[in-house]
Amino acid sequence: MVHHAKSKLDLQVQSVYTAHVPTKARTPERRLTARGAATRARIVAAAASLVYERGIAGTSLDDVMAATGTSKSQLYHYFADKDALICEVIRAQLGRIFAAQQAGLHEVSSWEGLQRWCDHWVTATRATDGAGGCPLGSLVGELADQSEPAQRVLAQCFAEWQSYLSDGFEAMRDKGELAAQADPAELALTVISALQGGLLMAQATRSARPLELALNMALQHMAVYRRRPKQSGRR
């Protein structure tokens with residue numbers, strides 16, 4: 001199962017990275033030829049695959065060069081050091097997440113859309129018995145306290161992900177589906193935190209139940225701010 005997931009991850013990351021999945025705030029990169037961009041994407045995909053299989057500590061630049069058939073000079077042409085490569089792996093994982101739920105993220109502007117988004121995560125986690133966890137969240141344990149550049153990129157990626165939910169909740173508030181005093185950013189942080197905690201426990205227990213419970217609790221918290229359409233008719 002792990003080997004199959006690793007191969008699938010490699011293809012998904014390379015496809016997403018090569019296609020330049022748009023994000024809200026992408027750091028400008030120097031212009032590359034089509035061949036150069038493809039090589040760079042292939043290196044990032046291979047690094048992501050190795051990190052998924054072995055972890056950050058167990059993945060060296062030599063491993064990446066061996067997996068991609070590139071030389072040290074080629075690798076350093078695209079990445080200044082391992083930190084720079086890992087930061088691109090993090091961004092690629094965010095792109096993969098966005099690609100997998102692109103439609104769902106844009107639908108989180110109603111209670112029904114939010115419920116579908118939550119159900120998507122539970123269904124996907126149940127299909128894998130929690131294996132793999134979150135492509136982005138699984139990197140936090142290894143990187144957040146070990147590499148300041150990686151920690152900053154992780155924080156930026158989570159903030160960008162959270163902003164999609166925050167925008168959706170703001171739209172719900174504007175439509176009167178959330179109370180005026182609701183804070184969309186705080187609610188988005190609540191949902192993302194529940195998602196990450198649930199995915200971590202699902203990975204540990206090999207069950208989607210922790211994620212289901214965590215998201216249900218986040219929805220119950222949001223429901224405090226829910227506004228129902230006014231009933232028409234006489235009193």
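A word on the model: it is predicted, so to speak of a local feature we need pLDDT of at least 70, side-chain atom pairs count only at pLDDT 80 or more, and totals for chains, interfaces and linings use all residues. Residues are numbered from 1 along each chain as its sequence is written, and side-chain values use heavy atoms, with hydrogens and water left out.

Let's start with the overall picture. The protein chain has 11 helices and zero strands; helices (H or I, at least four residues) and strands (E, at least two) are DSSP runs, numbered from the N terminus. Of its 235 residues, 43% count as buried, meaning under 20% relative accessible area with a 1.4 Å probe, protein chains only. Contact here means heavy atoms within 4.5 Å. Among contacts between residues at least 6 apart in sequence, 72% join residues at least 24 apart.

Now, how do α5 and α9 meet? The axes of helix α5 (residues 82–100) and α9 come within 9 Å and cross at roughly 15°. Axes are lines fitted to C-alpha atoms, for helices over the stretch in contact, and angles run from 0 to 180 degrees between N-to-C directions. That crossing makes α5 roughly parallel to α9, a label for angles under 35 degrees. Residues of α5 in the contact include Ile-90, Leu-94 and Phe-98, and those of α9 include Val-153, Leu-154 and Trp-161. By class, this contact of α5 with α9 has 12 nonpolar, no polar and three charged residues. Here Ala, Val, Leu, Ile, Met, Phe, Trp, Tyr, Cys and Pro count as nonpolar, Asp, Glu, Lys and Arg as charged, and the others, Gly among them, as polar.

On to the rings. The structure holds five aromatic pairs. Rings of Phe, Tyr and Trp (its six-membered ring) pair if their centres lie within 6.5 Å; planes under 30 degrees apart are stacked, over 60 edge-to-face, and the rest tilted. Trp-121 and Trp-161 have ring centres 5.9 Å apart and planes at 35°, so this pair is tilted. Trp-121 sits in helix α7 (residues 111–128) and Trp-161 in helix α9 (residues 148–174), 40 residues apart, so the pair links distant parts of the chain. Are these two buried or exposed? Both Trp-121 and Trp-161 are buried. Ring pairs also join Trp-117, Trp-121, Phe-158 and Trp-161 into a cluster.

Key. Buried means under 20% relative accessible area, exposed over 50%, partly exposed in between (1.4 Å probe, protein chains only). Angles under 35 degrees count as roughly parallel, over 145 as roughly antiparallel, 65 to 115 as roughly perpendicular and the rest as oblique.
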